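Colleague: I would like to learn how to read a model like this one. Can we take it feature by feature?

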Amino acid sequence: MSQPASTTTRKPKAADRPKGKKGRVRSTPKGRRVDPAALAQVLELLGDTPRRRDLLIEHLHKIQDRYGHLSAAHLVALASEMKMAMAEVYEVATFYHHFDVVKEGDTAPPAVTVRVCDSIACELAGSHALLERLPALLGQGVRVLHAPCVGRCETAPVAVVGQNPIPLATVDQVTAEVKAGHVAHPAAGDASPHAHAVTPGHVDYAAYRAGGGYVLAAACLGGQKSRDEVVAVMENSGLRGLGGAGFPAGRKWKLVAAEPAPRLMAINIDEGEPGTFKDRFYLERDPHRFIEGALIAAWAVGIEGVYIYLRDEYHGCRAILQQEIAALQADPPCPLPAIHLRRGAGAYICGEESSMIESIEGKRGEPRLRPPYVAQVGLFGRPTLEHNMETLHWVRAILENGPEWFVGHGRHGRKGLRSFSVSGRVKKPGVHLAPAGITLRELVDEYCGGMLDGHELYGYLPGGASGGILPASKADVPLDFDTLNEYGCFIGSAAIVVLSNHDTAAGAARNVMKFFADESCGQCTPCRVGTVKALDLMGDKRWNAPLLQELSQAMMDASICGLGQAAPNPVLTVLKYFPKEVE
């Protein structure tokens with residue numbers, strides 16, 4: 001019979017100790033030592049939260065929020081506490097734009113960071129002037145950075161001081177905000193007074209319940225409706241995914257429900273496509289509507305846990321969701337699945353579903369090769385129902401009013417409603433709910449108040465940065481899924497950027513290609529190298545059309561995900577519809 005191991009502690013022999021060069025005995029283990037002070041600070045921040053691998057990004061945010069950067073000492077301490085390799089922690093921290101990793105011996109960044117959006121809508125509105133003037137005015141104690149789209153295109157140009165967005169930003173406004181010290185504290189879930197000023201009052205839990213909210217969800221979970229009945233209504237409504245891909249929602253529910261349990265749900269609110277801000281618009285006003293849609297979808301599909309992935313730029317929305325989810329859980333109208341709110345860290349690629357899932361799991365947000373699809377092998381290896389927030393926003397209205405109500409809207413042979421994020425040279429930019437199939441000309445005239453005074457329609461981006469660019473002569477094409485394909489464009493998330501005779505399509509294309517080059521995750525060569533090479537070629541007054549077309553084809557054929565596959569669309573449409581600009 002085996003004997004229990006001895007509990008006697010013996011003194012290690014020299015032969016047992018780590019060896020250094022030439023066989024010399026090391027006094028300490030090889031590798032970075034954990035600084036006791038840094039470890040104490042990390043332990044204080046983490047408290048009693050789990051040390052699971054999938055919470056790595058959440059824990060990195062805690063450190064970044066408290067200290068304004070990620071020091072080497074803190075990263076070593078976090079890796080030790082989470083029992084992870086330092087390399088794993090470092091490669092995740094350096095992947096995301098909003099984490100400031102400071103190496104040993106380097107200087108920490110200034111306490112205040114001002115990010116100025118230079119994506120297409122803000123560039124049209126003059127953000128370059130802010131970027132040129134602010135560094136000298138704010139001084140060395142403030143860092144001024146270029147930023148990709150921050151999701152507030154209707155109030156361009158936009159600057160963000162700390163976590164506080166400044167709409168219609170001017171040099172004087174940004175300077176005053178910095179001097180006033182209005183910097184939000186995300187770790188505490190606070191929004192500064194300025195952040196509250198740009199977040200309109202929302203329908204809270206009590207008001208939503210008083211207006212009939214969650215009655216439908218309670219009826220579903222209470223057995224008053226059948227899963228087959230609800231899924232059939234969703235299929236008959238023709239609702240398609242409103243994040244850009246347009247996959248039929250009801251069919252997706254059936255596909256995931258047919259996979260073995262346990263199943264999970266991932267809700268995508270990363271919304272990083274330049275020109276898109278509809279999800280933020282609905283979140284700031286009626287957050288429980290999409291949450292109720294998520295509960296119904298979770299019940300219909302047999303979901304055990306719901307993960308909400310919210311982009312880091314939406315600080316005010318995060319505060320709202322934290323408050324409203326807590327209120328829902330404190331007084332639930334029906335049994336609830338586990339609901340987890342996860343925070344992005346600045347990476348456009350995480351809008352792609354598999355990249356988002358990688359990020360939720362605490363990893364670099366790099367797209368997965370498919371198959372398998374996330375409906376089969378998704379979050380934590382389980383079948384996953386992935387939805388854009390706005391898709392779930394419409395579930396309650398469709399089930400209450402019937403599929404005919406939703407299908408009854410539409411123009412030019414199309415069916416349904418679309419939330420158009422409109423920015424650029426129009427009098428009334430913003431989110432406009434309009435019939436599917438409406439034309440750009442109708443949208444501008446009927447919903448946007450027409451073009452700005454002194455501006456004539458020249459062209460437009462029908463689907464954000466990746467949807468291509470069309471000339472004014474194509475302003476009567478119905479805007480919907482599939483209607484733009486023959487023109488080399490797509491509607492995507494219905495982000496419309498309107499150009500006028502004061503702009504050039506080539507300039508707009510250069511802007512979005514710079515965005516793609518900055519946001520490529522770097523995993524695949526066609527996208528990583530192709531976007532940079534295309535941007536370089538587009539810098540010439542006369543474009544090398546044959547070479548750009550060859551490069552574009554290689555990117556479309558060989559890129560892993562939609563970023564590289566769609567990045568050439570603006571290039572190709574400029575060559576096709578605006579050749580005089582680049583000849």
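**Reading the sheet and its surroundings**

Modeller: Start with strand 15, which is mostly covered: six of its six residues are buried. Keep in mind that this is a predicted model.

Colleague: Which residues point one way from strand 15, and which the other way?

Modeller: A495, V497 and L499 point one way. I496, V498 and S500 point the other way, and all are buried.

Colleague: How do I read the pairing of strands?

Modeller: The general idea first. Strands of a sheet pair through backbone hydrogen bonds, either parallel or antiparallel. Now this case. Strand 15 pairs with strand 11 in the parallel sense, over four bridges. There, S421 stands opposite A495 of strand 15. With strand 13, strand 15 pairs in the antiparallel sense, again over four bridges. G459 is opposite L499 of strand 15.

Colleague: What is the strand order in the open sheet of five strands?

Modeller: The order is 12-11-15-13-14, and the pairing is mixed. Strand 12 (430-435) and strand 14 (470-471) are at the edges. Each has a single partner strand, so one side of each is left without a neighbour in the sheet.

Colleague: How many bridges join strand 11 to strand 12?

Modeller: Six, and the two strands run antiparallel. Strand 11 covers residues 417-424. V422 stands opposite G430 in strand 12.

Colleague: Which strands does helix 20 lie across?

Modeller: Helix 20 (residues 440-447) lies across strand 11, strand 12, strand 13 (457-465) and strand 15 (495-500). It runs at about 115 degrees to strand 12. Helix 21 (residues 505-519) also packs on the sheet, touching strand 13 and strand 15. The direction of helix 21 makes about 15 degrees with that of strand 13.

Colleague: Let me zoom in on one residue of helix 21. Is A506 buried or exposed?

Modeller: Relative accessibility under 20% counts as buried. A506, in helix 21, has 4%, so it is buried. Leaving out residues up to four places away in sequence, A506 touches W543, V574, E581 and V582.

Colleague: What covers the buried residues of helix 15?

Modeller: The cover includes helix 9 (205-210), helix 13 (278-283), helix 14 (287-301), strand 8 (303-310) and strand 9 (338-343). Among the buried residues of helix 15 are H315, C317, I320, L321 and L328.

Colleague: Now the rings. How many aromatic pairs does the structure hold?

Modeller: It holds 13. F95 and Y96 form one that is edge-to-face, at 4.9 Å centre to centre and 75 degrees between the planes. The rings of W405 and F406 have centres 6.2 Å apart and planes at 50 degrees, so that pair is tilted. W405 is partly exposed, at 28% relative accessible area, whereas F406 is buried, at 1%. Ring pairs also link F95, Y96 and F99 into a cluster.

Colleague: Where does the charged end of R251 sit?

Modeller: Over the ring of F247, 5.3 Å from the ring centre. The charged end of R311 sits over the ring of Y314, 5.3 Å from its centre.

How values were computed
Residues are numbered from 1 along each chain as its sequence is written. This is a predicted model: local features need pLDDT of at least 70, side-chain atom pairs count only at pLDDT 80 or more; totals for chains, interfaces and linings use all residues. Side-chain values use heavy atoms; hydrogens and water are left out. Rings of Phe, Tyr and Trp (its six-membered ring) pair if their centres lie within 6.5 Å; planes under 30 degrees apart count as stacked, over 60 as edge-to-face and the rest as tilted. Buried means under 20% relative accessible area, exposed over 50%, partly exposed in between (1.4 Å probe, protein chains only). A charge sits over a ring if NZ of Lys or CZ of Arg is within 6 Å of the ring centre and within 35 degrees of the ring normal. Two strands pair if DSSP finds at least two bridges between them. Contact means heavy atoms within 4.5 Å. Axes are lines fitted to C-alpha atoms, for helices over the stretch in contact, and angles run from 0 to 180 degrees between N-to-C directions.
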